[in-house]
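Biologist: Let me see the model, please. Then I will ask how you back up each label.
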Amino acid sequence: MAMLKGLALAFFASCFSCHLISVPSLASSDEFHQCLISEKIPSELVYTQSSSNFTDVLVSSIKNPKFFTTATVRPVCIVTPTDASHVQAAVHCGRKLGVRLRVRSGGHDYEGLSYRSACPYEVFAVVDLTNLRAVSVNQSESTAWVGSGATIGELYYTIAKNNSQVAFPAGECPTIGVGGHFSGGGVGMIMRKHGLSIDKVVDAKLVNANGDLLDRAGMGEDLFWAIRGGGGGSFGVVLSWKVQLVQVPPTVTVFSIGKTLEQGAIDILTKWQDVGPSLPSDLNLKVKVQGQEALFMALYLGTCSSLVSTMGEQFPELNMTSADCRSMTWLESAALSFTDMSSTGTVEDALLSRAPSMSIFTKGKSDYVQRAISKDAWKSIFSWFAMNGSGLIMLEPHGGFMDTVPAAATPYPHRCGVLYIIQYIVFWQGDGGGAPATTWLAKFYDFMGHHVSKKPRQAYVNFRDLDIGQNPAAVDGNVSTFESGKAWGERYFMANYQRLASVKAAVDPTDYFRNEQSVPPLLHGSN
């Protein structure tokens with residue numbers, strides 16, 4: 001168990017984050033490279049497979065070594081733009097020469113789809129947005145423009161380093177790229193008070209499938225709606241986002257309390273399912289289940305004394321006292337490890353590191369719970385965590401602000417009626433050593449089907465999972481179909497899937513921006 005926890009801590013310190021060898025056409029690769037150079041992209045921003053540092057650039061933000069093996073399909077080149085015109089040129093050249101683009105901001109895609117293809121025949125390039133990571137704060141408006149290549153840690157640090165009362169609602173792993181995170185929704189620790197990241201996006205700049213650079217006014221409200229939660233890689237390349245910042249108190253309070261089975265973990269966790277989503281919106285109390293322990297972790301936008309009072313009134317079963325409190329700024333809380341809320345070094349070390357993670361292999365899945373799971377079921381669930389290969393689950397409550405947003409307001413539909421989201425994670429070391437972990441995950445996920453949302457069994461697109469379905473391989477210019485995409489599209493987006501497909505048909509009818517789970521175009525007469 002100590003080794004398992006060590007793996008989990010090592011993995012989460014970097015957080016995440018059918019493979020056949022690709023032999024792309026040399027003609028396509030060379031022609032694409034020459035086209036990029038002729039479009040005035042500086043040669044030092046383009047890395048072909050023959051470049052001496054191609055592999056270093058490719059690995060630079062990979063968070064899961066599972067998708068960097070001798071069998072992984074590689075891009076024909078990597079473009080690292082420093083200007084919108086470079087992205088426009090990549091789209092023009094790609095459309096002209098039949099080279100698709102995959103877009104990477106932080107490299108956290110759970111299936112690696114921002115930098116690799118599951119199809120051995122696909123000729124594609126990667127547009128790596130790392131250089132487009134500027135964060136510009138307008139203090140009078142309380143807004144910021146943030147480049148898609150920034151990490152959320154860089155966003156947090158820039159907006160709050162000089163003002164402890166400014167924050168932004170986003171995720172809990174600092175190395176996540178803004179572009180992918182916002183594209184899928186943006187679940188985080190202050191979502192119960194301020195919503196998802198996408199609920200605070202007020203403008204964006206995007207290069208579409210025609211190579212046009214558009215802002216919100218230029219793209220129109222349908223496309224602006226789609227890019228805020230419809231998943232990355234479907235509608236174009238979002239270069240930057242304008243976000244509304246939020247106010248937080250100068251001091252926040254956190255705690256982390258573990259309960260073993262002998263200490264009543266099952267009874268407390270059973271009760272938490274009703275309490276967690278109904279607590280005041282200033283308080284987020286999430287749970288990690290690993291081994292035979294439930295770890296309750298809280299962020300409260302207020303003081304310790306107020307938190308103790310609230311917990312005593314609404315969740316006395318946890319026996320939380322002032323001794324459990326740790327007071328700090330919101331920025332300091334954002335730098336804590338999201339697996340146990342421990343300190344991981346200085347704020348700068350925690351929030352500004354962009355180091356790749358090439359030691360811990362991972363696989364994840366997700367579910368949403370709409371009815372509390374029974375005490376007897378939790379007894380069975382805990383037995384799974386004593387098995388060989390077991391991982392962990394993170395339970396994050398909704399409620400609060402989340403309940404006030406209609407399901408169709410953004411593509412992220414999991415709003416009112418959701419008690420909490422489950423993230424399943426397994427991890428292992430060494431290529432080829434993941435069979436016990438992945439077998440455990442598949443069987444446990446199947447078991448959990450009795451206790452989670454149904455028809456459809458909902459999932460979170462930012463916890464991408466190709467096991468639930470994927471588009472057929474792109475062959476001879478074929479277009480992915482609306483019907484085939486339903487298997488996964490309706491689980492991620494529910495009723496919003498159809499509107500997303502209609503937007504896709506309007507802005508990218510030939511399906512240029514395509515990957516294994518990109519939204520297909522709903523074309524007239526298509527099946």
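Biologist: What does Leu395 touch?

Modeller: Leu395 touches Leu269, Trp272, Lys286, Val287, Val289, Trp378, Tyr420, Ile421 and Ile422, leaving out residues up to four places away in sequence. Contact means heavy atoms within 4.5 Å. This is a predicted model: local features need pLDDT of at least 70, side-chain atom pairs count only at pLDDT 80 or more, and totals for chains, interfaces and linings use all residues. Residues are numbered from 1 along each chain as its sequence is written, and side-chain values use heavy atoms, without hydrogens and water.

Biologist: Which residues touch the most other members of the largest nonpolar core?

Modeller: Ile227, Trp241, Phe296, Trp330, Trp378 and Leu395, out of 119 residues. A nonpolar core is a set of buried Ala, Val, Leu, Ile, Met, Phe, Trp, Tyr and Cys residues joined through side-chain atoms within 4.5 Å. A second, separate core has 28 residues, including Phe32 and Cys77.

Biologist: Why is Thr48 called buried?

Modeller: Buried means under 20% relative accessible area, exposed over 50%, partly exposed in between (1.4 Å probe, protein chains only). Thr48 has 11% relative accessibility, so it counts as buried. Thr48 touches His33, Phe54, Val76 and Cys77, again leaving out residues up to four places away in sequence.

Biologist: And why is Lys443 called exposed?

Modeller: Its relative accessibility is 52%, so Lys443 counts as exposed.

Biologist: How far apart are Lys443 and Thr69 in space?

Modeller: They are 26 Å apart, C-alpha to C-alpha, and 374 residues apart in sequence.
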